[in-house]
Amino acid sequence: MALTLDSSAITHGIQLAVAPVFLLTAVSGMIGAVAGRLARIIDRARVVEDRARANTEPEFLARAYNELADLRLRGRLANGCIGLLTFCAFLIGITIILLFLGETTNFQSNRLAVAGFLAGVASFLLALVCFLTETMLATRLLNFHMLQQEVEGKKP
């Protein structure tokens, strides 16, 4: 694996590596967004748990336990999403290295680079599925008890 310092080969290698870098930018933005959602899930779980400890009303405790179970599921989905995004970033980083090495040395890395890139994209898509599932679960959980009582004819 001899390293050639041909400036045109190095330039071309950098140009090849630029496209996956855009995916890395998207991945880092997604990690930030999902980490923010995970932080809010954790904060909400702490509030619900504190309120449940201070309350003895059975109906309230049942709602609190249900909400905590839903928050746990959402947290696990967010965690899985972050794991998949991190794995995607790792694979894209490996792809960039392979593309650059393949362009600047005699190392035949095209197949490995393609496989790494496709695996990274698959990981990104799975992360998007986790993100979509978590957001759909979050909106499904919007449960306004005061509005439900008004619809049922009971005033709070």
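Me: Which residues make the nonpolar surface patch of about 390 Å²?
Reply: In this predicted model, Phe87, Phe90, Ile94 and Ile97 make that patch.

Me: Why does Phe87 count as partly exposed?
Reply: Its relative accessibility is 45%. Buried means under 20% and exposed over 50%, with partly exposed in between, so at 45% Phe87 is partly exposed. The residue is found in helix 2, which covers residues 58–104.

Me: Why is Arg37 called buried?
Reply: The cut-off for buried is under 20% relative accessible area. Arg37 has 19% relative accessibility and therefore counts as buried.

Me: Where is Arg37 found, and what is it in contact with beyond its neighbours within four places in sequence?
Reply: Arg37 is found in helix 1, residues 7–54. With those neighbours left aside, Arg37 is in contact with Arg74, Phe131, Glu134, Thr135 and Ala138.

Me: What makes Glu134 and Arg74 a salt bridge?
Reply: The rule asks for a side-chain nitrogen of Lys or Arg within 4 Å of a carboxyl oxygen of Asp or Glu. The closest N and O atoms of Glu134 and Arg74 are 2.7 Å apart, so the pair meets the rule. Glu134 lies in helix 3 and Arg74 in helix 2, so the pair ties together parts that are 60 residues apart in sequence. Both Glu134 and Arg74 are buried. Through salt bridges that share partners, Arg37, Arg74 and Glu134 are joined into one network.

Me: How do you know that Glu67 forms a salt bridge with Arg44?
Reply: Their closest N and O atoms are 2.7 Å apart, and the limit is 4 Å. This pair links distant parts of the chain, with Glu67 in helix 2 and Arg44 in helix 1, 23 residues apart. Glu67 has 27% relative accessibility and so counts as partly exposed. Arg44 is at 33%, so it is partly exposed as well.

Me: What makes Arg53 and Asp50 a salt bridge?
Reply: Their closest N and O atoms are 3.8 Å apart, which is within 4 Å, so the pair qualifies. Arg53 and Asp50 are three residues apart in helix 1, and are therefore separated by about one helical turn. Arg53, at 62% relative accessibility, counts as exposed, while Asp50 is partly exposed at 48%.

Me: How many salt bridges are there by this rule?
Reply: The count is six, including the pair of Arg53 and Asp50.

Me: What is the secondary structure of the chain?
Reply: There are four helices and zero strands. Buried residues account for 29% of the 156 residues.

Me: Which residues does UniProt list as "transmembrane region"?
Reply: The unreviewed entry lists residues 12–36, 81–101 and 113–132. In the model, residues 81–101 are 100% helix, and their end C-alpha atoms lie 30 Å apart. Residues 113–132 are also 100% helix, with end C-alpha atoms 28 Å apart.

Me: Where in the chain is confidence lowest, and where is it highest?
Reply: Helix 4, residues 145–151, has the lowest confidence, at a mean of 61. Helix 3, residues 110–140, has the highest, at 93. The chain averages a pLDDT of 86, and 81% of the residues score at least 70.

Conventions. Residues numbered from 1 in each chain as written. Predicted model: local features only at pLDDT ≥ 70, side-chain atom pairs only at ≥ 80, totals over all residues. Heavy atoms only, no water. Helix = DSSP H or I, 4+ residues; strand = E, 2+ residues; numbered from the N terminus. Buried < 20%, exposed > 50% of the residue type's maximum accessible area, 1.4 Å probe, protein only. Contact = heavy atoms within 4.5 Å. Patch = residues over 30% accessible without salt bridge, like charges linked within 9 Å, V, L, I, M, F, W, Y side chains within 5 Å. Areas by Shrake-Rupley, 256 points an atom, 1.4 Å probe, with all protein chains shown as cover. UniProt positions renumbered as here; feature names shortened; annotations may be inferred. pLDDT = per-residue confidence, 0-100.
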